[in-house]
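Dear colleague,

Please find the structure below for your records. My notes on its contents follow directly after it.

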Amino acid sequence: MNIRIAEEKDYLQVECLMKQVHDLHVELCPNIYKPEEVVWTKEEFMELAEKEEVLVAMENEKVVGLLAYIFRMISGKVVVDRKVMFIESLAVDEEYRSKGIGRALLDRAKEICKEKGCDSLELQVNAKNIRAWEIYKKYGFREKSINMELA
C-alpha cells in the first residue's frame, strides 16, 4: 500500500469512497444528512487536491482509502492560540476495511501535523457511528467536547 497526495486522476475513485461514507451518514442520521448523488464535485475535489489536503491510500492502482484535512488557527481573548490539523473525512473502501489502511492514513496525518507545527490533530465522529468512534479511541483520540441537540 502507498499513501500519497491525491491527484486529479483519483477523482472518480475518491468520490466513490465519499459516497460510501455519506450513505452511511444518511442511514445513521436521516434527520441531518440527505441522500446526494455527488458528495464532492470535481471542482471541490480539485480545490482540496491543489492545496494538498487530501491523502489517498493506493493498492494496485486503486484508491482504497482517503483522508481529507484542513488547518485551523484558533485564537481569542480567553483561549490559547493553537494551530490545529482537522480531519474532515476519513474513508476506507468497504472491501478493504480491517487491513490497517485507516491506521496508515492516520499515521501519515500525524506526521503531517508534526511537520506543519500543529498543536493537535482533531476530528469529529458521529455519535451513532460506533465502529468509527471505537477505531479513533483505539488509535488514541480522546473526547474533547460533546455536541448535543434537542430536536
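This is a predicted model: local features need pLDDT of at least 70, side-chain atom pairs count only at pLDDT 80 or more; totals for chains, interfaces and linings use all residues.

Glu115 is exposed at 57% relative accessibility (buried means under 20% relative accessible area, exposed over 50%, and partly exposed in between, with a 1.4 Å probe and protein chains only). Its salt-bridge partner is Arg108, with the closest N and O atoms 3.3 Å apart; a salt bridge here is a side-chain nitrogen of Lys or Arg within 4 Å of a carboxyl oxygen of Asp or Glu. Arg108 itself is partly exposed, with a relative accessible area of 25%.

Residues are numbered from 1 along each chain as its sequence is written, and side-chain values use heavy atoms, with hydrogens and water left out.

The whole structure contains twelve salt bridges. Among them is the pair Glu7 and Lys9, whose closest N and O atoms are 3.5 Å apart; Glu7 is partly exposed at 35% relative accessibility, whereas Lys9 is exposed at 60%. Another links Asp23 to Lys19 at 2.9 Å, N to O. These two residues lie about one helical turn from each other, because they are four residues apart in helix α1 (residues 11-28). Helices (H or I, at least four residues) and strands (E, at least two) are DSSP runs, numbered from the N terminus. Asp23 is partly exposed, at 34% relative accessibility.

Turning to helix packing, α3 (residues 101-115) and α4 (residues 130-139) meet at an angle of about 50 degrees, with their axes 12 Å apart. Axes are lines fitted to C-alpha atoms, for helices over the stretch in contact, and angles run from 0 to 180 degrees between N-to-C directions. The contact (heavy atoms within 4.5 Å) involves Arg103, Leu106, Asp107 and Lys110 of α3, and Tyr136, Lys138 and Tyr139 of α4.

Finally, Val84 lies in strand β4 (residues 79-92) and is buried, with a relative accessible area of 1%. Beyond its neighbours within four places in sequence, Val84 contacts Ile70, Phe71, Arg72, Ile74, Cys118, Ser120 and Glu122. Val84 and Ser120 are 36 residues apart along the chain, and their C-alpha atoms are separated by 5.2 Å.

With kind regards
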